[in-house]
Amino acid sequence: MKTRAILAGVAAGGLYAWSAAAIGVSPRVLWEGLPNFFALLGDMFPPNWAVLPVLVEPIVQTLQMALVGTTQGALLAVPLILLASRNVARQAWLYYAARGLLNLLRTIPELLYAAILVAVVGIGPFAGILALTVFSMAVIAKLTSESLEAIDPGPLEALEAAGANRLKTVRYAVVPQVLPTYLSYTLFVFEINVRVSFILGLVGAGGIGQVLLTALNLFRYQSALAIIVVTLGAVVLIDTLSVRVRQRLV
Amino acid sequence: MTSQASTPSISLTEPGRWKRWLGVALYALVFAWAARGVEASLVRFLEGLPLLARIVWLMLLPDWTWAGRSLRGMVVSVQVALLGTTLGMVLAFPLAFLASRNISPHGASSYVGKQILNLIRTFPEIILAIFFVAAYGPGALAGMMAIGLHSTGSLGKLYAEVVEAMDPGPLEALHAAGASRVKVFWFAVLPQVLPEFLALSLYRLEINARAATVLGLVGAGGIGTIMVQALQFRRWEVVGMALLVIVVAVTVIDTVSAALRRRLV
């Protein structure tokens, strides 16, 4: 056990040395960059609160992006949830195809979707909404299908035995059991999306992130700090609200 | 037909039913307002669909001459994630003990520690990356710092939760036996928290590997740099290659890390 721990330690050390050399990290480089970093922070003070009135519209737009993206994702997730649940899906190949698609979509980060979609549909909130939609769909479908697979099979079997068709079985045995979880996961994804929607603009996908990017590109650091503070405040506020709502749901 | 006519009439008598429909209607109104605000519409979506389908098709035929460069970019991203996570672990370690109620020297210091962690955590990696790119110049180093700082906040919070959930028995026993504070920490605290710290850090590494691929979009090195250039020139087959490498690498990292985590906890 002792030798294995030492071996693991040596391996980890080698890995770090290799990585650090490749990236060009050394304590000296880090140390020498620090004055620049603090100079930058210094340039940001005092925050320019005069920009606040201009920020209201982009913030509203950002929240609208999160809302539309989450809703579309949640709606598109519904068929995928049913296909990706072993106890509901009938065809094995459809089940595996849906599972595979969900796993594939989830490996790609939201900002990458956004960057790609900006190149496809152009700069602006539409690209951001599409990115949020795809990501929300994948996450909501994956999480909900997992809890669907764990539902009580009793009602399902009873309805099937009574001769109910697929639609009715789903409506009366599946929906009542997974609806609360589905809604709670949707809210959970909404929280994530609010946070993400505020930074989507940094890759050109609309919302307040784009205002921040412009301020940074123009070296208006004092305005940038005001934007960041307002943004983080809004995120914290929405997080708190959403957690309250979710606690009441489940 | 007959069954369809009878079902709603039964359900309509359920108490609270109308409330639910009212909620759905209200939500639909809010949605319509939001969709108008961001100029999203079904028409616009359907109009863009053929173009989107064509581009997805182009990405599904990746340019394999870029495989080597994409792979090297991904290796850098993984290195950024690895070093960033480690930096986060090192910085989070003392902060977590400062923030946890049962170890912190004082109630006030625990409060301060928690607030420091909360503050760090609110800054998204990509915003930090922009600042570190400004400070250190474009490159992987800026990415590492951004990931390191953000991970300090998120790991610190999780570490503190582990410390607070620790069994106080061994601590009290050693203390009663007259062990020094250092000895209590070394023999009672560390053995309890280290495996969980490591498991949480591995989980963070998975998240950071994804984050590192994105940071190149703002100049912080790795495969994102390739992605940004390919997107600028609309080289969809190169975008496809980079995406393929990202998907495979992220899946491998997730699988390996999950296996390691199962053995730890």
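**Figure 1. The surroundings of A131(A) in a predicted model.**

**Figure 2. The largest nonpolar core.** Let's step back from A131(A) to the group it belongs to: the largest nonpolar core, with 141 residues. Which residues have the most contacts inside this core? They are A114(A), A115(A) and A131(A), together with A129(B) and A242(B). Helix 6 of chain A gives the most to the core, with 15 residues. As a general point to keep in mind, nonpolar side chains tend to be buried together in soluble globular proteins.

Figure 3. Helix 4 runs from residue 92 to residue 107 of chain A, which makes 16 residues. From its first C-alpha to its last it reaches 23 Å, close to the 22 Å expected at 1.5 Å a residue. Which residues of this helix are buried? They are A98(A), L102(A) and T107(A). These three cover an arc of only 165 degrees around the axis, so they lie on the same side of helix 4 of chain A. On the other side of the helix, A92(A), W93(A) and G100(A) are exposed. A handy rule for reading such pictures is that an α-helix has 3.6 residues a turn, so residues three or four places apart point the same way.

**Figure 4. What helix 4 of chain A packs against.** The buried residues of helix 4 pack against helix 3 (52-83) and helix 6 (125-148) of chain A. They also pack against helix 11 (236-264) of chain B.

**Figure 5. Where chain A meets chain B.** Here 42 residues of chain A are in contact with 45 residues of chain B. On the chain A side, the elements that give two or more residues include helix 1 (2-23), helix 2 (27-43), helix 5 (110-121) and helix 10 (221-249). How many residues of each class does this side of chain A have? There are 34 nonpolar, eight polar and no charged residues.

Figure 6. Chain B has eleven helices and zero strands. Its radius of gyration is 26 Å, well over the 18 Å that the globule rule gives for 265 residues, so chain B is more spread out than a compact globule. The C-alpha trace spans about 80 × 65 × 35 Å along its principal axes. Of the 265 residues of chain B, 40% count as buried.

Methods: Residues numbered from 1 in each chain as written. Chains lettered and ligands numbered in written order. Predicted model: local features only at pLDDT ≥ 70, side-chain atom pairs only at ≥ 80, totals over all residues. Helix = DSSP H or I, 4+ residues; strand = E, 2+ residues; numbered from the N terminus. Expected span 1.5 Å × (residues − 1). Buried ≥ 20, exposed ≤ 12 C-beta atoms within 10 Å, placed from the backbone. Arc of directions from axis to C-beta. Contact = placed C-beta atoms within 7 Å. Nonpolar A, V, L, I, M, F, W, Y, C, P; charged D, E, K, R; others polar. Rg over C-alpha atoms; globule rule 2.2 N^0.38 Å. Core = buried A, V, L, I, M, F, W, Y, C linked by C-beta atoms within 7 Å.
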